Amino acid sequence: MTVAESKPKNGETITLTIDAKLQKTIYENMKRRAGTAAAIHPLTGEILALVSSPSFNPNEFVLGISAEEYKKLENNPLKPLINRFAATYAPGSAIKPIIGAIGLEKGIITPEQTKTIVEKKWQPKDGSWGNYFVTRVSDRLQNVNLQNALIYSDNIYFAMAGLDLGPNKLKEGLHSFGFGEKLPFPYPIPSSQISNTGELKTGPQLADTAYGQGQMQMSILHLAAAYTPFVNNGDLLQPILEKGQQKTVWKQQIISAKTANIIAEGLKQIVANPNGTAHGAYMKDIILAGKTGTAELKDKKGEKGKENGLFVAYNADHPDLLIAMLIEDVQNDHGSKYVVNIVKNIFQTVKSH
């Protein structure tokens with residue numbers, strides 16, 4: 001006798017947007033270095049890869065992992081059990097195109113306007129910063145406009161722009177790019193932060209935030225998504241993980257099409273110009289646009305610390321792939337240049353397939 005019965009229901013078939021070949025290619029190119037990467041289709045928001053490196057075989061956990069094997073994973077200095085695409089990091093100079101776009105939108109900078117920067121280190125003339133200076137890598141240019149500031153990745157230019165914007169305008173601009181807000185994505189990824197308190201105060205913290213240091217933190221997926229306005233006439237796309245889901249605009253017209261084009265041209269020059277920090281990614285057959293970043297992790301200015309290298313790049317002629325990658329601890333591998341070479345190789349591999 002059957003007392004109660006409920007008919008079985010078949011589960012839904014869900015197909016992810018993840019491209020398994022691309023995921024594998026990115027992971028293999030990272031060569032088990034500690035880091036993370038997100039690849040998206042910049043015109044649709046589809047997530048093509050989400051990588052945390054180094055990783056482990058989850059099947060071993062399903063089948064029952066021995067205490068000895070688990071301890072090995074736990075004690076591994078590269079921490080393979082950490083899911084790095086669900087972590088946040090200082091974006092370093094990879095934030096500069098976003099700061100440039102905010103400055104253009106707020107009328108604080110124009111493409112033609114130059115800032116006179118003479119030395120490699122700078123602080124306001126009033127002496128209120130004491131021994132604290134903002135430093136830049138090259139002092140070849142003394143009259144720096146937005147495009148040259150992007151090409152040379154000039155920290156001082158962007159620090160000045162941040163101070164000109166002031167705490168409120170910079171905060172407003174970063175909020176429009178999704179800072180302080182939950183990423184509309186089904187997997188729990190922490191919100192990106194402007195600072196530990198969510199506030200900015202004028203002075204060194206404001207200046208440092210404008211070139212991706214200070215207390216700024218971003219997830220790699222948010223960093224990838226934050227570049228989509230530059231190829232979508234100002235619309236910030238929502239990252240999509242489920243196949244068949246329609247393209248969704250997360251934040252509409254956060255910058256004008258004109259601003260998007262100015263920044264996009266600068267991103268192309270960062271790769272194409274021989275002085276560009278990402279010139280190592282230049283290829284005749286694949287026109288890349290992108291921005292490098294080196295985030296310094298140290299307690300005090302002037303100290304030596306670890307460096308994370310970043311590169312965000314997309315195919316400017318056929319924008320069907322955008323990759324944001326971060327590799328930890330690259331100070332002995334020419335910083336962000338190490339990441340530039342990896343990303344370049346991935347684009348070449350994808351094209352040859």
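Modeller: Let me begin with a term we shall need: a polar contact is a pair of N or O atoms within 3.5 Å, and within protein one of them must be able to donate a hydrogen and the other to accept it. Please also keep in mind that this is a predicted model.

Biologist: At the start of H6, how far is the side-chain oxygen of Asp-154 from the backbone nitrogen of Ile-156?

Modeller: The pair consists of an oxygen from the side chain of Asp-154 and the backbone nitrogen of Ile-156, at the start of H6. Because a polar contact needs the two atoms to be within 3.5 Å, the figure to set against that cut-off is the reach of the Asp-154 oxygen, which comes to within 3.0 Å.

Biologist: What does helix H6 span between its end C-alpha atoms?

Modeller: Helix H6 takes in residues 155-176, and a straight helix of 22 residues would span 32 Å at 1.5 Å a residue.

Biologist: At which residue does H6 bend?

Modeller: The bend in H6 is about 105°. A proline, Pro-167, follows the bend within four residues, and the bend itself is placed at Gly-166.

Biologist: Just after H6, which residue takes a positive phi?

Modeller: The phi in question is about 100°, and the residue that takes it, just after H6, is Gly-178. Most residues other than glycine have a negative phi. Here the residue with the positive value is a glycine, Gly-178.

Biologist: Is Leu-174 buried or exposed?

Modeller: Leu-174 lies in helix H6, and its C-alpha atom is 30 Å in space from that of Tyr-27, 147 residues away in sequence. Buried means under 20% relative accessible area. Since Leu-174 has a relative accessibility of 0%, it counts as buried.

Biologist: Where is Arg-32, and what is its phi?

Modeller: Most residues other than glycine have a negative phi. Arg-32, in the loop between H1 and strand E1 (35-40), has a positive value instead. Its relative accessible area is 43%, so Arg-32 is partly exposed. To give place and value together, Arg-32 is in the loop between H1 and strand E1, with a phi near 60°.

Biologist: And what is the phi of Lys-79?

Modeller: Lys-79 belongs to the loop between helix H3 (67-75) and helix H4 (96-105), and because its relative accessible area is 43%, this lysine is partly exposed. Although Lys-79 is not a glycine, its phi is positive, at about 50°.

Biologist: Which backbone oxygen does the side chain of Arg-136 reach?

Modeller: Arg-136 sits in the loop between strand E5 (134-135) and strand E6 (143-144), and since its relative accessibility is 6%, Arg-136 counts as buried. Its side chain reaches a backbone oxygen at 2.9 Å, that of Ile-117.

Biologist: Which backbone nitrogen does the side chain of Asn-315 reach?

Modeller: Asn-315 is part of strand E10 (residues 306-315), and at 12% relative accessibility it counts as buried. The backbone nitrogen that its side chain reaches, at 3.1 Å, is that of Asp-317.

Biologist: Which residues lie nearest the centre of the second largest pocket, and which elements give two or more residues to its lining?

Modeller: The second largest pocket has a volume of about 350 Å³, and its lining of 15 residues has Asp-320, Leu-321, Phe-347, Val-350 and Lys-351 nearest the centre. The elements that give two or more residues to this lining are helix H1 (20-29) and helix H10 (336-352).

Biologist: How do the residues of that lining divide into nonpolar, polar and charged?

Modeller: The lining of the second largest pocket has 15 residues, with charged ones such as Lys-351 counted apart from polar ones. The division is 6 nonpolar, 4 polar and 5 charged.

Technical notes: Residues are numbered from 1 along each chain as its sequence is written. This is a predicted model: local features need pLDDT of at least 70, side-chain atom pairs count only at pLDDT 80 or more; totals for chains, interfaces and linings use all residues. Side-chain values use heavy atoms; hydrogens and water are left out. The expected span of a helix is 1.5 Å times one less than its number of residues. The bend at a residue is the angle between axes fitted to the seven residues ending there and the seven starting there. On a 1 Å grid over the protein atoms alone, a cavity is a set of points where a 1.4 Å probe fits but cannot get out, and a pocket is an open set with protein on both sides within 12 Å along at least five of seven lines; lining residues have an atom within 4 Å of a point. Grid points are joined across faces, edges and corners, and a volume is the space filled by probe spheres set on the points. Buried means under 20% relative accessible area, exposed over 50%, partly exposed in between (1.4 Å probe, protein chains only).
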